[in-house]
Amino acid sequence: MGQSTLPPRRARTAAEHKDLSRIVLFYALSLSVLLIAIAALIMGIAWTDLVDNSRRY
């Protein structure tokens with residue numbers, strides 16, 4: 001069997017690079033918002049727990 005070679009890949013155009021960078025930016029921002037929301041939720045839980053403990057004593 002002969003070794004199959006891949007056809008040469010077409011270079012990406014500037015428009016494709018712009019679309020790709022926009023998608024990567026969108027996912028990076030989405031992940032950042034998700035992490036911030038999780039951190040805020042944890043801080044809110046900790047704060048309410050702290051307030052509850054301070055009211056007991």
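L31, L34, L35, I38 and I42 make a nonpolar surface patch of about 490 Å². Patches are built from residues with over 30% relative accessible area and no salt bridge, with nonpolar side chains (Val, Leu, Ile, Met, Phe, Trp, Tyr) joined within 5 Å and like charges within 9 Å. A salt bridge is a side-chain nitrogen of Lys or Arg within 4 Å of a carboxyl oxygen of Asp or Glu. Areas come from the Shrake-Rupley method with a 1.4 Å probe; for residues, only the protein chains shown count as cover.

This is a predicted model: local features need pLDDT of at least 70, side-chain atom pairs count only at pLDDT 80 or more, and totals for chains, interfaces and linings use all residues. Residues are numbered from 1 along each chain as its sequence is written, and side-chain values use heavy atoms, with hydrogens and water left out.

**Overall form.** The C-alpha trace spans about 80 × 35 × 5 Å along its principal axes.

Helix 1 covers residues 14-56 and includes L35, a member of the patch. L29, L50 and R55 also lie in helix 1. Helices (H or I, at least four residues) and strands (E, at least two) are DSSP runs, numbered from the N terminus.

Buried residues make up 0% of the 57 residues. Buried means under 20% relative accessible area, exposed over 50%, and partly exposed in between (1.4 Å probe, protein chains only). The chain exposes about 5,900 Å², and carbon and sulfur atoms supply 68% of that area. The table lists some exposed residues.

| Residue | Relative accessible area |
|---|---|
| F26 | 52% |
| Y27 | 55% |
| L29 | 53% |
| L50 | 51% |
| R55 | 67% |

**Aromatic pair.** A search of the whole structure finds one aromatic pair. The ring centres of F26 and Y27 are 5.6 Å apart and their planes stand at 70°, so the pair is edge-to-face. Rings of Phe, Tyr and Trp (its six-membered ring) pair if their centres lie within 6.5 Å; planes under 30 degrees apart count as stacked, over 60 as edge-to-face and the rest as tilted.

**Spacing along the chain.** L29 and R12 are 17 residues apart in sequence, and their C-alpha atoms are 24 Å apart. L50 and L31 are 19 residues apart, with 28 Å between their C-alpha atoms. For R55 and L29, 26 residues apart along the chain, the C-alpha separation is 39 Å.
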